[in-house]
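Good morning, colleagues. I would ask you to keep the sequence and the coordinates on your screens while I go through a few selected elements.

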Amino acid sequence: MTSDWQLDGATLAAGRGGRPAVLLQRERDAEQPRATVLVTGLQPGRYTLSAWFLPNMRALPDPSFSAAVDVEWLDAQGHVLGASGGPWANGRTPLPVYREAALTAPPATVSARLTAHFRMTAVGRCAIGDVMLAAGGEAAGGGAPALGVSLRSDRTFHDPGEPIVLQATLSQSGALTGPVAFRAVVTDSAGNRVATVESTATWGANQPRQAELTVPAGRLPTGEWCRAEVTAETEGYRPGTAACGLLVLPRPTDFTLPTNSPFAILDGYAYFQRWVGARWQRPNWSWNLPEMELPKRYGVTYVALVNAADQALHGDMSMAEYAAYVEESVRRHKELVCWWQLGNEPPLYQQGMPERYVAVLKAGYEAAKRADPACHVVMAGITGLDVDPEMVEKVLALGAGNWCDAIDIHLYVPVPQMDALIAKIRGDMRKHGVDKPLICTEVTALLGSDPGERETAGHVYKRYAVGIAGGLAQIYWFVLRWPNANVPFDYCGLVSNQDESPRPGAAAYWRLAQALEGAKIVERETQPGGLWRFTFERGGRRAFVLWTDGPEPVPAALACGAGDAELIDVAGRVVPLQSPSGGLSVTATPEPVLVLAPAGGQRPGAAPAARPASAALARGSTARFLTSLPPPVSTHAPAGLELTMAGGGYELRATPEARIGDSTLTLTYPGGALRLPVTVTEPLAVDIRPLPGTPDRLAVRVANLSAQSCDGSIRLVCPVTRGLRPAVFEAPFRALAAGETGELLVDLPAPDPADTYPCQASVTTSAGVRAERRRSLVFAGARQAAIQVDGKLDDWGNDLPLRIGLLSGERGDPQDGPPTSDADLSARAGVRWDAGNLYLAVEVRDDVHRNGSRDGALWDGDSIQFGFTADPDHEGAAASEWGAALTAQGPQGWCWRNVTGQPTGPVDLPLAVVRGDGVTVYELAIPWSRLSGIKPVAGTWFGLGLVVNEQDTAERGWYGWHAGIAGDKDPSQFGQVTLQ
């Protein structure tokens, strides 16, 4: 128990749920506060050590400067057998955060001494509670330590004529007594092996432990993303593995500066940008000559972002100083730079800001033209058009079109909204007689959450097709490689910041640049919720980009001439096609493809019949589907999927080695290609769900996806515990039939809906098949009851369990400082439901109510924002975001983003916002028809993001129940609610 801690300079404080926690506190590193506890009854093997941390310290990526719980392993005589570094934390967090470490107890272990302390020179304070040492953990192999290995290539991109040198580095700090064998396997994007190389290395003491493995030139396909995985083995250690991406591209030879290419990348090394196909970059402006000379040398046009415009806009620089700076910058460097952007993302939604920015734009434009009449001046990139789509119209109405040579918009919005906004801005430009290039200097897949590498590559295809078809003159991907290791935008890059290896998006970018640079749009078909098809043409060849927004594949007819064609997926993989008499039929799926074919011809008639929707099967099982395709038929399958003819159709088998997850199988025939989305699962599927109520419970469910019944056991590690008790629960299951589901129910000790509980479940069958599931859960329930939406809360009683304040979730303090008391700002909220609606009530205590905004900008003042997702377990899941406020025009609701097929804009829902006696009550009802994918059935579990915006005398702040709304737009950070 927590009371068993022996305190040495540490104290006890209130932890999660009021339970005791160890409090470490020091101002100087000479102080050594610590707490220790002895855990007995252990044995050698694997363990997970976890704890909850509430730190108020300096944020560093180095675990050596942190608050931590470390372990010493002891034998029967109390001698120390070894030590392990445990979980750690630093920085500042408004809520306790969960941390864990997988450890291995050495032979002869019978007990362990846990020590909570500061490492190295860390100072500050940190509360550490609910420490748990649980048998199990992720280590494996009977107690032997694993080799730590990393892998990277000697270059980011490789020319087809050069070998590829892979560098494998060991991180082992102890002495290695023998040679280490390395084996690297290189596979293409479909998982097929293309090369295997081996090497053995031995090192002396204190030498860098690095080995090189050389892949001969010509082994990898050009233009297709590939993957290298290395395995390192030596006696006394478990094997270690690591992987990196590889991409072979011809070196660039054209270093001219064309102005008709839309392919641009926001920032990065100019030569690599050109190598992948970009022609433009837009870094922050400085008087650094190499930064200007290198892009021009490598055929990349440098667009200088002048941040002094933002300083002038906000009064941090006088208008005269700003104009002089612009004029001097242009005059000095006009031989190297002829494109200048004045500012970035001005807050045009704020009152008076459009007028101020146009004045800044005019002063900078005139100064630049005085220095170089031939230069190009670009308006600042305008973001947040999903919040206020009228921002461009506002500045154009003030004459901004007279003081720029190009208009820039940032499009961090879903693809259908991107398409609609381009058309909207084009209309605004026509309305004000502005005939100038429209560009987009910032776009990426999803800003705020990582959709996965392959989906990001798909966004390259989609967003450039939409942008080029919409007439964007320049489209800047964000980014080639994110330069800052500690800023969470690495997933946006085409190249990894961690090992500088390419991602599939780099292959997609290069393929598209090769196909569409200088091409013209011939035809476009956009059906939100259905088929998207774009036809481009250049030099006797046509390029098609197509996908579907719906869940089912759709046959798409492509008008082209007779001859050889190619289908290229988002990883750059090429599938040959034949158009024997002109025209192709290609199945469109949610993952886009690029099709290259001769120009001319007509669209084919009827597409082949009986197209399958999709296939889902477990490893080791088969699935059948029927289709009618003209022979000869060729199969292009990812590794581990085998397709054979069977009884007038096809039989698809997933081998035991098939890759888990989504992939696509392609059948080609004369005149087209049928693409079949395939999902491969483990033979067992594990799910963990919260069951809040009385009592609170957690359900672990295992589904048998195989064709045979099985026996086994379910094991759960859950941090909803008290003190040092290992919260491990186990239950057997017998004769679980094919397709059936077994369940383990665990009663829990009153979890707090403000906390997030990471849980780990594993299932092992008697045959040795194993499946695992990790999921972070929130225990918040919604009772079934009809509500009268009137802003009075009489029918809610005191059932408002969701608390919002300084320590409740994501937080951004207002410019005039954080709240000083609960009366200054605090909130509580509740959720109810019935067959027709989901009800939300939020009671906000706020001494000052201020909101001078409306419509899409109503968040910029006292208000609430809330979001829903039917899939709260995945980053990038489809989500909606709503808001409500008491404005000068009265209560108003707004929807900024929504799932496909649902409207955005003004909210026409039952809504009441009532203000009185320092309290604002928000109450609303949302019909289930507006919440796609969330079913009004007891046991339904969905994600809820909830934020209270606060504004007294200065710029607003925000405080959330959990996260995912005001900061990163990430539904996987939402809290979760279960219908009871």
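Which residues of H7 are buried? In this predicted model, they are Val415, Gln417, Met418, Asp419, Leu421, Ile422, Ile425, Asp428 and Met429. Helix H7 itself covers residues 415-431, 17 residues in total. From its first C-alpha to its last, H7 reaches 25 Å, close to the 24 Å expected at 1.5 Å a residue. Just after H7, Gly433 adopts a positive phi of about 65°.

I turn now to a pair of helices. Two packed helices are described by the angle between their axes and the distance between the axes. For helix H4, residues 319-333, and helix H5, residues 353-371, the axes come within 8 Å and cross at roughly 35°. The crossing in which H4 passes H5 is right-handed. On the H4 side, the contact is made by Met319, Tyr322, Ala323, Val326, Glu327, Val330 and Arg331. H5 contributes Ala359, Val360, Ala363, Gly364, Ala367, Ala368, Arg370 and Ala371. By class, the residues of this contact comprise 11 nonpolar, one polar and three charged.

Finally, the sheet. Four strands form an open sheet in the order E45-E44-E47-E48, and the pairing is antiparallel. At the edges are strand E45 (728-736) and strand E48 (770-777), each of which pairs on one side only. On average, neighbouring strands of this sheet are turned by 15° against each other, direction ignored. Within the sheet, strand E44 (residues 710-717) and strand E47 (residues 757-765) run antiparallel and are joined by six bridges. Opposite Val763 in E47 stands Ile714.

Technical notes:
Residues are numbered from 1 along each chain as its sequence is written. This is a predicted model: local features need pLDDT of at least 70, side-chain atom pairs count only at pLDDT 80 or more; totals for chains, interfaces and linings use all residues. Side-chain values use heavy atoms; hydrogens and water are left out. Two strands pair if DSSP finds at least two bridges between them. Helices (H or I, at least four residues) and strands (E, at least two) are DSSP runs, numbered from the N terminus. Axes are lines fitted to C-alpha atoms, for helices over the stretch in contact, and angles run from 0 to 180 degrees between N-to-C directions. The expected span of a helix is 1.5 Å times one less than its number of residues. Buried means under 20% relative accessible area, exposed over 50%, partly exposed in between (1.4 Å probe, protein chains only). A crossing is left-handed if the near helix is turned anticlockwise from the far one by less than a right angle, and right-handed if clockwise. Contact means heavy atoms within 4.5 Å. Ala, Val, Leu, Ile, Met, Phe, Trp, Tyr, Cys and Pro count as nonpolar, Asp, Glu, Lys and Arg as charged, and the others, Gly among them, as polar.
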